Amino acid sequence: MSLPHALLTSIAEKPSSGYELARRFDKSIGYFWHATHQQIYRELARMEVQGWVESREVEGGRAGKKQFRILPSGTEELRRWARESSEPGRQRDDMMVKLRADAAIGPLGLVEEFARRLQLHEQELQTYRDIERRDFSSPVLSREDKLRYLILKAGITFEESKIQWTREALQILRE
């Protein structure tokens with residue numbers, strides 16, 4: 001995935017200032033795509049030059065605060081990108097290499113790190129479950145909300161799987 005397309009999606013959902021986008025990004029798309037605030041502002045400037053978004057100074061806001069909205073060419077770019085085929089992302093986790101090293105040269109004292117990661121996965125799952133209760137408890141959801149819920153369910157499934165796998169790894173590492 002590319003940052004410009006993640007930002008175009010966020011702006012298509014709701015025109016926003018760079019700061020608002022960064023905050024919303026951290027609370028939604030940021031769960032599966034990370035970007036720093038600097039990267040976001042830099043990309044917004046590029047997208048404006050490309051004619052995908054436009055900005056307007058916010059009246060009554062702090063000096064220089066801009067609100068971005070998607071332009072028709074940005075919408076078309078987002079449609080073009082969405083139609084491209086893409087490969088599923090491969091897992092890239094240094095703990096897999098550390099486990100291989102442990103298997104190759106003997107115990108490396110990984111239990112503490114795996115226990116820490118288990119706690120992180122459990123916390124993330126709790127965050128997702130809280131979002132689920134807060135935002136998706138209605139028995140009737142719009143198509144848009146069903147799609148957003150589907151994304152959340154992918155995160156829930158991922159965290160549940162990581163918790164189960166990490167517990168298994170801990171069990172083996174403790175043998």
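Predicted model: local features only at pLDDT ≥ 70, side-chain atom pairs only at ≥ 80, totals over all residues.
**The strands**

Begin by selecting residues 66-70, which form strand β3, together with residues 16-17, which form strand β1. These two strands run antiparallel and are joined by 2 bridges. Within this pairing, S17 stands opposite Q67 of β3.

Now select residues 111-135, helix α6, and residues 143-173, helix α7. Their axes lie 9 Å apart, and the helices pack at an angle of about 155 degrees. Angles over 145 degrees count as roughly antiparallel, and α6 and α7 are therefore roughly antiparallel to each other. Their crossing is left-handed. What classes of residue make up the contact of α6 with α7? The contact residues comprise 15 nonpolar, 3 polar and 8 charged.

**The cavity**

Rolling a probe the size of a water molecule over the atoms shows where empty space is left. In this structure there is 1 cavity of 30 Å³ or more, and the largest cavity holds about 50 Å³ of space.

To display its lining, select D93, M95, M96, F114, R117, H121, K162, W165 and T166. Helix α5 (94-105), α6 and α7 each contribute at least two residues to this lining. By class, the lining of the largest cavity consists of 4 nonpolar, 2 polar and 3 charged residues.

Methods
Residues numbered from 1 in each chain as written. Heavy atoms only, no water. Pairing = 2+ DSSP bridges. Helix = DSSP H or I, 4+ residues; strand = E, 2+ residues; numbered from the N terminus. Axes fitted to C-alpha atoms, helices over the stretch in contact; angles between N-to-C directions. Parallel < 35°, antiparallel > 145°, perpendicular 65-115°, else oblique. Left-handed = near helix turned anticlockwise from the far one by under 90°. Nonpolar A, V, L, I, M, F, W, Y, C, P; charged D, E, K, R; others polar. 1 Å grid on protein atoms, 1.4 Å probe; cavity = no way out; pocket = protein on both sides within 12 Å on 5 of 7 lines; lining within 4 Å. Points joined across faces, edges and corners; volume = space filled by probe spheres on them.
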